[in-house]
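Dear colleague,

Please find below the sequence and the structure that I am handing over to you. A summary of the findings follows.

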Amino acid sequence: MTAKKRKVDEPITVTGLVVDGDLSVSESRIVWDLVEEVTGINIEWINIDKEALSTYLAGNDWPDFFHTYELSSSEVNDYGVLGGRFVNYLDHLDVMPNLAKTYKDYPLTLAASTQLNGEVYNLFQVTGGSATGTTARPHVRLDVLKAAGITKLPTTVDELYDQLVILKEKNGEPGMILDTDNKFGYIPMLFAAFGTLNNPVFDADENQKVVFAPITEQTKHYYEFLHKLYDQELMHREWLTLDNTAKNQFAQSGKVAFLPQPSAQMLSETDLNGEWDNLSCVAPLTSQYDNTRTLAGFVDYRPVAGMYINKDSQYVEEICKMFDIAFATEEVAEGTGLYGQAFTHGLEGVDWKLNDDNTYEQFVPEGFSSFSAYQIQALRWQDLGRAEAIGLATNPRRATHRQGRLRMLKM
């Protein structure tokens with residue numbers, strides 16, 4: 001589809017609200033700047049703190065759309081199901097062919113988005129997560145380890161335990177915050193260390209028979225280990241209820257070494273004692289029960305980003321057409337690299353590339369600690385759309401730094 005067909009008849013301006021968007025690098029985002037060029041739709045972004053969202057929703061001065069995952073189920077019910085203030089995407093599939101095809105290809109995306117009244121108010125992400133990519137792997141601050149006298153990363157669960165004991169003795173508080181998602185980070189990595197299964201929910205055994213992991217001995221050993229960490233307060237006991245702000249503060253404290261990926265990507269070079277190399281990833285661990293170092297990748301539905309459209313907007317159809325780009329499986333305008341993958345990983349050939357041997361590479365501009373930091377600070381606000389292109393591909397090498405990207409940012 002050409003850029004000409006994507007453009008509106010006359011340039012228009014819409015407002016989009018994001019919550020807790022990181023403005024440490026740029027006040028706009030590369031992918032959305034490109035969307036504006038392709039569509040002719042100018043977006044005026046409004047960035048508010050999470051604490052202000054409820055008050056904002058209660059008022060009448062709404063933006064044209066909300067680009068956030070922070071709306072609670074009760075707020076969606078109050079303002080959508082009961083209040084009728086959000087656009088029902090099912091009424092606009094005639095102008096959203098890419099979204100319609102994604103619903104068909106991934107039926108869970110439609111089922112999970114549908115409210116009790118049969119309407120759909122939010123968009124989502126279909127993502128591919130490589131086990132060897134930085135998004136899937138658990139993060140660690142090497143400078144915090146070094147300050148505690150620890151000179152190497154753990155390779156076994158026992159070594160991890162020993163290092164957490166040292167961190168607690170050195171800093172007086174837990175040195176680890178556990179992830180809350182079982183698809184990536186510390187949860188699947190630790191689970192995989194205690195047996196042959198890689199997925200803590202459903203997996204396949206050596207005979208390709210489906211196994212419900214929670215009832216296995218492997219899960220028992222995994223929870224015994226977590227209980228030991230919890231009981232001795234070697235991990236933060238409130239990890240399930242900590243909000244993003246609190247997690248980020250712990251990550252910046254210089255006392256927590258083992259971090260969830262979302263908190264790690266919010267760190268600045270200053271937080272890391274002036275060295276991006278102080279932020280790294282932990283490789284899969286082993287235990288007395290399993291000596292293979294494995295971690296599963298995934299292709300999955302994630303209810304992120306929101307994209308709730310204000311039903312009172314005068315540009316509902318135009319916004320729907322614009323959002324449909326995020327679910328395209330090929331370029332919507334020749335030479336732009338703009339399709340679904342861009343809304344998560346950026347532009348193919350510029351920010352990442354897929355090789356013939358089913359490996360992929362990511363390129364990090366100078367000034368960023370990692371590709372995930374580049375994503376959240378400069379590339380896009382939040383993950384969105386159809387981004388399964390690198391699905392279960394592997395990333396055997398560290399993301400390389402590339403110059404030239406920063407010139408596109410509004411400093």
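**Findings in the predicted model**

An open sheet is formed by three strands in the order E8-E5-E9, with antiparallel pairing. Its edge strands are E8 (258-259) and E9 (279-281), each of which pairs on one side only. Helices (H or I, at least four residues) and strands (E, at least two) are DSSP runs numbered from the N terminus, and two strands count as paired if DSSP finds at least two bridges between them. The model is a predicted one, in which local features need pLDDT of at least 70 and side-chain atom pairs count only at pLDDT 80 or more, while totals for chains, interfaces and linings use all residues. Residues are numbered from 1 along each chain as its sequence is written, and side-chain values use heavy atoms, with hydrogens and water left out.

Within this sheet, strand E5 (residues 139-141) is joined to E9 by three bridges, and the two run antiparallel. His139 has Cys281 as its bridge partner in E9. Cys281 counts as buried because its relative accessibility is 12%; buried means under 20% relative accessible area, exposed over 50%, and partly exposed in between (1.4 Å probe, protein chains only). Cys320 likewise counts as buried, at 0% relative accessibility. The structure holds zero disulfides, a disulfide being a pair of cysteine sulfur atoms within 2.5 Å.

His139 also has a spatial relation to Pro262: their C-alpha atoms are separated by 9.3 Å, although the two residues are 123 residues apart along the chain. Pro262 belongs to helix H12 (residues 261-264) and is partly exposed, because its relative accessible area is 37%.

**Enclosed strands**

Which residues of strand E12 are buried on each side? Tyr360, Gln362 and Val364 are buried on one side, and Glu361, Phe363 and Pro365 on the other, so that both faces are covered. Since six of the six residues of E12 (residues 360-365) are buried, this strand is largely enclosed by the rest of the structure. In a regular strand the side chains alternate between the two faces of the sheet. Strand E11 (residues 352-354) is joined to E12 by three bridges, and the two run antiparallel. The bridge partner of Trp352 in E12 is Gln362.

Strand E1 (residues 12-19) is also largely enclosed by the rest of the structure, because seven of its eight residues are buried. Eight bridges link E1 to strand E2 (residues 41-48), and these two strands run parallel. Opposite Thr13 stands Asn42 in E2.

A search of the whole structure finds one cavity of 30 Å³ or more. The largest cavity has a volume of about 40 Å³. On a 1 Å grid over the protein atoms alone, a cavity is a set of points where a 1.4 Å probe fits but cannot get out, and lining residues have an atom within 4 Å of a point. Grid points are joined across faces, edges and corners, and a volume is the space filled by probe spheres set on the points.

The residues that line the largest cavity are Asp20, Lys50, Glu51, Glu70, Asp243, Asn244 and Thr245. By class, this lining has five charged residues, two polar and no nonpolar ones. Here Ala, Val, Leu, Ile, Met, Phe, Trp, Tyr, Cys and Pro count as nonpolar, Asp, Glu, Lys and Arg as charged, and the others, Gly among them, as polar.

Asp20 lies in the loop between E1 and helix H2 (30-39). Its phi is near 60°, a positive value in a residue other than glycine. Asp20 is partly exposed, because its relative accessible area is 35%.

**Helices and a further loop**

Helix H4 (residues 73-82) has Glu75, Val76, Tyr79 and Gly80 as its buried residues. These cover an arc of only 95° around the axis, and therefore lie on the same side of H4; the arc is that of the directions from the helix axis to the C-beta atoms. Ser73 and Leu82 are exposed on the other side of H4. Gly84, with a positive phi near 65°, follows H4.

Glu233 is found in the loop between helix H10 (217-231) and helix H11 (244-252). The phi of Glu233 is near 55°, a positive value in a residue other than glycine.

With kind regards

Methods
On a 1 Å grid over the protein atoms alone, a cavity is a set of points where a 1.4 Å probe fits but cannot get out, and a pocket is an open set with protein on both sides within 12 Å along at least five of seven lines; lining residues have an atom within 4 Å of a point.
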